Amino acid sequence: MTDTSETRPTDGAAEPPEAGGLRRLMRYIPLIAPVLLWAVPCWVLLYGGQHWPFPVTLAGTVVFAVGLITMPLAMMRGHGRRQQDGAAIVGDSLLGSSWVLFTWSVLLGVLLRLALVVAGVGDGQDRARIVTWAVLGVAAVLLVWGYVEARRVPRVRRLDVELPRLGAGLDGTRVALITDTHYGPLDRARWSARVCETVNTLEADLVCHTGDIADGTAERRRAQAAPLGTVQATRARVYVTGNHEYYSEAQGWVDLMDELGWEPLRNRHLLLESGGDTLVVAGVDDVTAESSGLAGHRAHLAGALDGADPGHPVLLLAHQPKFIDRAAAAGIDLQLSGHTHGGQIWPFHHLVRIDQPALAGLSRHGDRTLLYTSRGTGFWGPPFRVFAPSEITLLVLRSPGRRSGPEPTTAS
């Protein structure tokens with residue numbers, strides 16, 4: 001989704017043909033995508049010249065047909081009105097598995113088959129069967145590894161970030177970032193506690209959570225979120241909403257985080273002061289907040305900075321990286337975001353890039369503004385992370401001349 005206002009035609013005005021056609025096509029994507037995810041691997045593995053015995057072909061076709069039917073039904077029951085966690089686990093797992101099978105069926109079905117032809121390996125049937133076993137082997141390895149990656153406690157990523165306007169009194173300020181914990185159908189209360197224990201070893205001055213705490217209401221996911229109350233910071237613990245809060249009673253999450261001792265920065269700021277220098281720590285609601293219809297919720301940067309001295313450096317929490325355009329226009333020094341999950345399951349990151357200006361890491365936008373995009377601490381939906389490891393981030397803020405980390409990339 002793109003963060004732009006939709007312009008609607010006035011009554012009686014004709015909609016541009018290309019816009020109407022695109023809109024009609026978008027309506028069919030939820031129907032087309034599942035078919036492709038299951039039909040392409042089915043064809044590559046069973047009907048691409050292998051000539052399997054009939055019982056094998058029949059059994060394999062039945063498996064793919066059952067997957068095609070079960071996945072959307074389970075996801076509707078799991079993520080729709082019924083909110084059945086068991087169905088969500090089945091649907092999400094099938095979605096992740098079909099995506100991995102689809103990806104490697106396409107890649108190996110073309111590239112490996114071509115390489116085998118060039119190398120003169122076997123006849124058509126031999127090559128087709130080699131491709132089949134290669135796809136199944138690669139998919140199995142990636143799904144097992146991806147599951148382990150998704151369920152483990154994230155590794156800590158440490159980096160120094162120089163802010164030219166940061167005073168020497170605040171040099172060395174330690175900022176821990178967690179985001180996109182996505183507590184959900186799989187009970188991760190123990191994982192949550194271990195994440196918080198890891199954060200506490202960082203001895204951070206400021207701990208930030210940039211949204212998407214969970215999938216489900218605060219009441220429903222309270223047990224998994226409760227360990228967040230044990231997180232320690234020498235100065236403050238701050239939180240902003242993500243888009244998933246607005247799917248599940250966002251105000252309940254704001255209230256729970258407040259109850260757990262976190263300070264929700266809903267279009268407001270606080271000050272960190274040390275050695276006569278000041279850092280403004282501001283936060284905004286997610287960019288989807290206003291369209292949620294929840295009273296008082298919207299992304300309002302001017303409100304977040306109201307009353308702040310414009311001469312002080314600003315650290316901004318905004319869930320989605322695409323808020324960086326507004327942040328750069330306002331001269332923000334550093335924005336912390338999540339949302340992208342680093343793509344979560346390769347090569348989904350190419351689709352993320354269409355919607356967001358950054359996928360992961362530190363990037364520069366404009367003359368002053370830096371953006372750090374976390375790959376996220378948890379996972380959404382499919383319990384897999386493939387070539388997109390989760391992270392807990394420790395950023396050490398440096399005043400000029402004290403930085404020793406990698407240079408940020410410059411956004412195009």
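Before the sheet, I noted the rule for pairing: two strands pair if DSSP finds at least two bridges between them. Strands (E, at least two residues) and helices (H or I, at least four) are DSSP runs, numbered from the N terminus.

This is a predicted model, where local features need pLDDT of at least 70, side-chain atom pairs count only at pLDDT 80 or more, and totals for chains, interfaces and linings use all residues. Residues are numbered from 1 along each chain as its sequence is written, and side-chain values use heavy atoms, with hydrogens and water left out.

**Sheet**

I checked β2 (residues 173-178) against β3 (residues 206-209): four bridges join them, and they run parallel. I looked up L177 and found its bridge partner in β3 to be C208. Then I traced the sheet. It is open, has six strands in the order β1-β12-β2-β3-β4-β5, and its pairing is mixed. β1 (155-162) and β5 (263-264) stand at the edges with a single partner strand each, so one side of each has no neighbour in the sheet.

I also looked at helix α5 (residues 189-200). It lies across β1, β2, β3 and β12, and runs at about 20° to β12. Here the axes are lines fitted to C-alpha atoms, for helices over the stretch in contact, and angles run from 0 to 180 degrees between N-to-C directions.

**T393**

I found T393 in strand β12 (residues 391-398). Why does T393 count as buried? Its relative accessibility is 0%, and buried means under 20% relative accessible area, exposed over 50%, partly exposed in between (1.4 Å probe, protein chains only). I listed its contacts (heavy atoms within 4.5 Å). Beyond neighbours within four places in sequence, they are R157, L159, V175, A176, L177, Y372 and S374.

Most residues other than glycine have a negative phi, and most peptide bonds are trans. I noted exceptions. E249 has phi near 55°, and H341 has phi near 60°. Are these two buried or exposed? E249 is exposed at 58%, whereas H341 is buried at 6%. I also found a cis peptide bond between W346 and P347, with omega about 5°. P347 lies in the loop between β9 (334-337) and α10 (349-355), and H341 is in the loop between β9 and α10.
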